[in-house]
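Please open the model in your viewer and get ready to show side chains.

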Amino acid sequence: MSPRTRDTLGGRAAIAGIGATEFSKDSGRSELRLAVEAVRAALDDAGLAPADVDGMVTFTMDTSPEITVAQACGMGELSFFSRVHYGGGAACATVLQAALAVATGVAEVVVCYRAFNERSGRRFGAGVQHREPSAEGAALGWVLPFGLLTPASWVAMAAQRYLHAYGLTPEVFGHVAVVDRKHAATNPAAYFHGRPITLAEHAASRWIVEPLRLLDCCQETDGGQAVVVTSVERARDLRHPPAVIAAAAQGAGRAQEQMTSFYRDDLTGLPEMGVVARRLWRTGGLGPADIDVAILYDHFTPFVLMQLEEFGFCGKGEAAGLVAEERLPLNTHGGQLGEAYLHGMNGMAEAVRQLRGTAVNQIAGASRTLVTAGTGVPTSGLLLTADG
């Protein structure tokens, strides 16, 4: 479909339930059990039973297959099951696929989930330890031999160019970390509950890969998160007001790689998120001024600034000032820097809470939320709105 065309998915499905485990550094149980706990919690939140589910969506990276989770939860037959690739870039796309299934009648109730022991088990921050030869991994062959082995090192390349292009210093990234931790400090579910930080503490944290400091990098988490998607009409009869999926989009840019798109003409933006932004604004009929709360994927602080610029909330190189002045409510749950790193799934749950009016850091009258998925990879995003 042409990127100039408005699609017809908006308003045909809604998130009706959200559920999660606790967020910890050592869950003490299997990833399958975490997935099942999150799924059951989401169904209970929606007022649905496992038998009502006929669709499942997760990440290609998830270790708990759809049929295994379905069996462990006591579900019956499934008419739709799918997985989305590209790590955290899949988060909002799981809901996109669920909404497509619901809107076309392929399934009636679809559960999207992600669960892992990312702290006590495989730690993504440890970087590439071993990889079988593949076309997908070929791009890494141009960077691994030179020491770019970790996500932080890949992001640092773009972050350094961003600072150079706009005459900025690494301190500008601290505004994102401070805002996230401010919100996490008042969120009892957040790992960093009760632990806000200052700009001085950000600047004093140790270098990971210049220009990124420790407090520019998201935490590592054990946990699970799930959401339930169904039609708007059915959601209206359930336990909570529906969070209507006003628009959903995926995006990949030209010369796209996974975290190592260093051969583009410009490294100071996120073209893949630009694709998502244009699609969401067009389909949703909204713009930056209409958004009450933004839940932006924050695995690394520089990419939050770039996302704000791609979505048009401010000009290029100006996002740090927007964040510092708190002109836009941002990551009100604490984000992945403050609440938990769940590949962005917990961000969707926060957007739903804001629309319900039940968030810990509630924004008065919030009726339109923007949610994004992982950056630096093919990615996705959502516009969620209150019903009516």
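This is a predicted model, and the count of aromatic pairs in it comes to five. Rings pair here if their centres lie within 6.5 Å.

Start by selecting F116 and Y341. Their ring centres are 6.0 Å apart and the planes meet at 20°, so this pair is stacked. Now colour the chain by secondary structure: F116 belongs to strand β4 (residues 109-117), while Y341 is in the loop between α11 (335-338) and α12 (345-356), so the pair ties together parts that are 225 residues apart in sequence. Are these two buried or exposed? F116 is buried at 3% relative accessibility, and Y341 is buried as well, with a relative accessible area of 9%.

Next, select W281 and F313. This aromatic pair is edge-to-face, with 6.3 Å from centre to centre and 75° between the planes. W281 sits in helix α8 (residues 271-284) and F313 in the loop between α9 (301-310) and α10 (319-324), so the pair links distant parts of the chain, 32 residues apart. Both W281 and F313 are buried.

For the last two stops, look for charges over rings. Select K25 with Y191, and you will find K25 over the face of Y191, 4.3 Å from the ring centre. Then select R181 with F192: the charged end of R181 sits over the ring of F192, at 3.9 Å from its centre.

Notes
Residues are numbered from 1 along each chain as its sequence is written. This is a predicted model: local features need pLDDT of at least 70, side-chain atom pairs count only at pLDDT 80 or more; totals for chains, interfaces and linings use all residues. Side-chain values use heavy atoms; hydrogens and water are left out. Rings of Phe, Tyr and Trp (its six-membered ring) pair if their centres lie within 6.5 Å; planes under 30 degrees apart count as stacked, over 60 as edge-to-face and the rest as tilted. Helices (H or I, at least four residues) and strands (E, at least two) are DSSP runs, numbered from the N terminus. Buried means under 20% relative accessible area, exposed over 50%, partly exposed in between (1.4 Å probe, protein chains only). A charge sits over a ring if NZ of Lys or CZ of Arg is within 6 Å of the ring centre and within 35 degrees of the ring normal.
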